[in-house]
Amino acid sequence: MTKIRPSQDILIRLSQGIAELASSDKWQDYLKLQTHFHNYSYANVLLIMQQRPDATRVAGYGTWKSLGRNVMKGEKAIAILAPILYKRERAQSENSQKENEYDLYGFKVANVFDISQTQGKDLLNPYQKLAGGDYSALYKRLTAIASSLGFDVFQEEMPPEINGNCSHSNNRININKNNSSKQQIKTFIHELAHAVMHKDFTDRALGELEAESVAYIACDYLGIDSSNYSFGYILSWSNDSKNAETLIKKSCTRIQKTSSLLINMLSEKPAAAVA
Ligand SMILES: [Zn+2]
């Protein structure tokens, strides 16, 4: 059987779509919203991941309130380390006109919450979940593929910000049962890409870019256009479209290899009588 290999131009199409989105008003509004969320240090990203592996968007109690969302009763805060900074005495820095010079005095524990621990006003979302479809047969095929890769798959009740996840520690993929059939298929492939590519992989941003690129390519092969979701998702993990393009180019072999693997598994005859 001939192996199917996705062509280069789909990756070019992906980068172009991301670039177009990045220059749209919709994206600029989204960036304004992002200024409310800090860029956490590597240590803090690890702390957040340890305490809440599903965290997608994290901010302090007051920030959530200012965005029209409240932390729900009984939610446990995620503890991170906040730097204690003191403004440097002006007199000490001779000739210096610079303001905002700070010295680091140490760290204190600060409490933050993930968006899934809050409720209230919807945050502007520049990428839409895919709607509709009935892909139950395809879902079964993907479940069989997951199983051949050693992963069990579960439909779970999850907050709307989370579409699914993949755990290498218990070989388990979860899919948000409340999403549409089309979105579930897209997520399923994304999580399968994590399963194949990202065991002991610590660069979350690159991991998300790779997994979503694989999902975009495999969905395209299946006749599902995931661009309304995939472009924005990748862009949100890669700062800007130039960086996205560079990273897609850099990871192109890995992305193609994994999408090719999954597409070929999908195009193989299904095992007889999968009940
Ligand atoms: Zn992911």
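**Sheet order and helix packing in a predicted model**

Three strands form an open sheet in the order β1-β4-β3, with antiparallel pairing. At the edges lie β1 (58-59) and β3 (78-87), each of which pairs on one side only. Two strands are taken as paired if DSSP finds at least two bridges between them. Helices (H or I, at least four residues) and strands (E, at least two) are DSSP runs, numbered from the N terminus. The structure is a predicted model, in which local features need pLDDT of at least 70, side-chain atom pairs count only at pLDDT 80 or more, and totals for chains, interfaces and linings use all residues. Residues are numbered from 1 along each chain as its sequence is written.

Strand β4 (residues 102-114) pairs with β3 in the antiparallel sense over 10 bridges. The bridge partner of L85 in β4 is L104. Helix α3 (residues 42-51) lies across β1 and β3 and runs at about 155° to β3. Axes are lines fitted to C-alpha atoms, for helices over the stretch in contact, and angles run from 0 to 180 degrees between N-to-C directions.

Two helix pairs were examined. The axes of helix α1 (residues 8-22) and helix α9 (residues 241-250) come within 9 Å and cross at roughly 170°. The two helices, α1 and α9, are therefore roughly antiparallel to each other; angles under 35 degrees count as roughly parallel, over 145 as roughly antiparallel, 65 to 115 as roughly perpendicular and the rest as oblique. In this pair, L11, L14, S15, I18, A19 and A22 of α1 meet S241, A244, E245 and I248 of α9, contact being defined by C-beta atoms, placed from the backbone, that lie within 7 Å. By class, the contact of α1 with α9 has 7 nonpolar, 2 polar and 1 charged residues (Ala, Val, Leu, Ile, Met, Phe, Trp, Tyr, Cys and Pro count as nonpolar, Asp, Glu, Lys and Arg as charged, and the others, Gly among them, as polar).

Helix α7 (residues 204-221) packs against helix α10 (residues 252-267) at an angle of about 45°, with the axes 9 Å apart. This angle makes α7 oblique to α10. On α7, the residues E210, S213, V214, I217, A218 and Y221 meet R254, I255, T258, S259, L262 and I263 of α10. The contact of α7 with α10 has 7 nonpolar, 3 polar and 2 charged residues.

Overall, the secondary structure of the protein comes to 10 helices and 8 strands. The C-alpha atoms fill a box of roughly 80 × 45 × 35 Å, taken along the principal axes.

Methods. Two residues are in contact if their C-beta atoms, placed from the backbone, lie within 7 Å.
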